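Open the model in your viewer and keep the sequence panel beside it. The stops below say what to select next and what is there.

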Amino acid sequence: MNLKQLLQVAIAGVVATSVPLISAQKSVAQSAAPLSSFQCQISEDQLFVTLAVRQNGQVSDPMIVWKTEEFSGAGYTPERRCTEVTNRLNSLLQENNQSLQGLYMTAGLVNGEAVLCAVSSTRSGCNTRNVLFTLNHANRRNPSQMLRNLASSGVVGSGNAIQESGGQPYVDLDILVNQLF
C-alpha cells in the first residue's frame, strides 16, 4: 500500500474522507497568504467537501470529503455535516485572528461518542465546546492511530505536524491545512 492509499484509509472512516497527498518535494511556504476561510463546496464528483481558502483566493485541496451516510438517519447528511463543520472551522479561524497557529486537532470522547476536536494546547482534551465532528463507526475503534497516520504524511520541510502528550496525539492544524495547498 503506498502512502496515499494509507492516508486515505486512515482518515476514510472519519467521515469517509480522503485527503490528497502532497509530493515530498513540496514544502509549505513561509510567505503563504493567510487563510481567509473554510468553504463547503460540491466537488466534481458531486460530493460535499470542506476546503481552505487563502486571502489571495488560492483554494486548497479538500480537507474533508463528506461521504458517509451513517449519520443521515439522525438528520446529519453529508451536506449538513459539511456545512456545520465548515462553520465550526471558520469560527475557530476567526477566534484565532485568521490563523490556525497554535491550534491542534485531537481525538476524544464526548457524551460517549468518539470525536475529533480542536484545542489550543497539547494538554487539552475534547469537550462539548470544541468538537469538530463525530467519528463514524470505522474510525471509532482507533481514532488516535488515525490521527498519527494523518500526521505521518507530512511534507518535507514543513515541520512536525504531530505532537504527543501522555500518548495522546495532537495534529498541528496549521501544518496540516498548509499541506493541502
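## Stop 1: the disulfides

Select Cys-117 and Cys-126, which are joined by a disulfide with an S to S distance of 2.0 Å. A disulfide is a covalent bond between the sulfur atoms of two cysteines; here it is counted when a pair of cysteine sulfur atoms lies within 2.5 Å. This is a predicted model, in which local features need pLDDT of at least 70 and side-chain atom pairs count only at pLDDT 80 or more, while totals for chains, interfaces and linings use all residues. Residues are numbered from 1 along each chain as its sequence is written, and side-chain values use heavy atoms, with hydrogens and water left out.

Look along the S-S bond of Cys-117 and Cys-126: the torsion is about -80°, so this disulfide is left-handed. Are the two cysteines buried or exposed? Cys-117 is buried, at 0% relative accessibility, and Cys-126 is buried too, with a relative accessible area of 17%.

Next, select Cys-40 and Cys-82, which form a disulfide with an S to S distance of 2.1 Å. Cys-40 lies in strand β1 (residues 35-42) and Cys-82 in helix α2, so the bond ties together parts that are 42 residues apart in sequence. Helices (H or I, at least four residues) and strands (E, at least two) are DSSP runs, numbered from the N terminus. The torsion about the S-S bond of Cys-40 and Cys-82 is about 130°, so the disulfide is right-handed. Cys-82 is buried at 0% relative accessibility, whereas Cys-40 is partly exposed at 27%.

How many disulfides does a search of the whole structure find? The search finds 2 disulfides. With bonded cysteines counted along the chain, the pattern is 1-2, 3-4.

## Stop 2: Ser-37 in strand β1

Stay with strand β1 and select Ser-37, which has its place there. Ser-37 is buried, with a relative accessible area of 16%. Which residues does Ser-37 touch, not counting residues up to four places away in sequence? They are Leu-51, Ala-52, Val-53, Asn-90 and Leu-93. A contact means heavy atoms within 4.5 Å.

## Stop 3: two loop residues

Select Gln-46, in the loop between β1 and β2 (48-54). Its phi is near 65°, a positive value in a residue other than glycine. Gln-46 counts as exposed, at 60% relative accessibility.

Now move to Asn-111, in the loop between β4 (104-110) and β5 (113-119). Asn-111 is not a glycine, yet has a positive phi of about 50°. Asn-111 is exposed, with a relative accessible area of 71%.

## Stop 4

Select Phe-71, Ala-74, Tyr-76, Arg-81, Glu-84, Val-85, Arg-88, Glu-113, Val-131, Phe-133 and Thr-134, which line the second largest pocket. On a 1 Å grid over the protein atoms alone, a pocket is an open set of points where a 1.4 Å probe fits, with protein on both sides within 12 Å along at least five of seven lines; lining residues have an atom within 4 Å of a point.

Two elements, α2 (78-95) and β6 (131-134), each give two or more residues to this lining. The largest share, 4 residues, comes from α2. Color the lining by type: it divides into 6 nonpolar, 1 polar and 4 charged residues. Here Ala, Val, Leu, Ile, Met, Phe, Trp, Tyr, Cys and Pro count as nonpolar, Asp, Glu, Lys and Arg as charged, and the others, Gly among them, as polar. The pocket has a volume of about 220 Å³, where grid points are joined across faces, edges and corners and the volume is the space filled by probe spheres set on the points.

## Stop 5: the whole chain

Of its 181 residues, 49% count as buried.

Conventions
Buried < 20%, exposed > 50% of the residue type's maximum accessible area, 1.4 Å probe, protein only.
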